[in-house]
Amino acid sequence: MGKESRRRFFKTAVKLLGAFFLGQSCSKRCPEESLGMDYLCSSCQKLGFPMAVGTCSACGRMTSSIGLKLCNSCGCKLDQCQSCLKSL
Ligand SMILES: [Zn+2]
Ligand SMILES: [Zn+2]
């Protein structure tokens, strides 16, 4: 590996690493899948939800139940209960 290509490689690696850490800090890892009810507050976890698909008010995708206002993915991203929107 020549001096120039090594420097270029290093630059690319730094750029990639920077993008990786930036992405990590401003958006946490959330499921892309909209179906599911993994993000419910403790009181909503006790409720039963009708098994009929609804629509997420944030992204417009399908939710697991019409009783949910947010999909699984948005509940995670917004840190809110998918049902009552209380912050988790
Ligand atoms: Zn959503
Ligand atoms: Zn709730």
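How many of the 88 residues of the protein chain count as buried, as a percentage? The figure comes to 20%, where buried means that 20 or more other C-beta atoms lie within 10 Å of a residue's own, exposed means 12 or fewer, and partly exposed covers what is in between, with C-beta atoms placed from the backbone. This is a predicted model, so local features need pLDDT of at least 70 and side-chain atom pairs count only at pLDDT 80 or more, while totals for chains, interfaces and linings use all residues. Residues are numbered from 1 along each chain as its sequence is written, and chains are lettered from A and ligands numbered from 1 in the order in which they are written.

As for the overall layout, the protein chain holds three helices and two strands. Helices (H or I, at least four residues) and strands (E, at least two) are DSSP runs, numbered from the N terminus. Going along the sequence, their order is α-α-β-β-α. Take the contacts between residues at least 6 apart in sequence: 45% of these link residues at least 24 apart. A contact here is a pair of residues whose C-beta atoms, placed from the backbone, lie within 7 Å.

Now for the inside of the model. Nine residues make up the largest nonpolar core, namely Met 37, Tyr 39, Leu 40, Leu 68, Leu 70, Cys 71, Cys 74, Cys 76 and Cys 81. Such a core is a set of buried Ala, Val, Leu, Ile, Met, Phe, Trp, Tyr and Cys residues joined through C-beta atoms within 7 Å. One of its members, Cys 74, touches Cys 56, Ala 58 and Cys 59 once residues up to four places away in sequence are set aside.

Ala 58 itself sits in the loop between strand S1 (54–55) and strand S2 (62–63). Because 16 other C-beta atoms lie within 10 Å, Ala 58 is partly exposed. Beyond its neighbours within four places in sequence, Ala 58 makes contact with Leu 70, Cys 74 and Leu 78. Leu 78 is 20 residues away from Ala 58 along the chain, with 9.3 Å between their C-alpha atoms. Ser 73 is 15 residues from Ala 58 in sequence, and their C-alpha atoms are 9.9 Å apart.

Ser 73 belongs to helix H3 and counts as buried because it has 23 C-beta neighbours inside 10 Å.

Asp 79 lies in the segment after helix H3 (72–78) and, though not a glycine, has a positive phi of about 55 degrees. Asp 79 has 13 C-beta neighbours inside 10 Å, so it counts as partly exposed. Leu 85 is also placed in the segment after H3, and this non-glycine residue has a positive phi near 65 degrees. With 16 C-beta neighbours inside 10 Å, Leu 85 counts as partly exposed.

Ser 83, too, is found in the segment after H3, but it is buried because 22 other C-beta atoms lie within 10 Å. Which residues does Ser 83 contact, leaving aside its neighbours within four places in sequence? They are Leu 40, Cys 44, Leu 47, Gly 67, Leu 68 and Lys 69. Leu 40 and Leu 68 are also among the members of the largest nonpolar core. Another core member, Tyr 39, is 44 residues from Ser 83 in sequence but 8.6 Å away in space, C-alpha to C-alpha.

How values were computed: Two residues are in contact if their C-beta atoms, placed from the backbone, lie within 7 Å.
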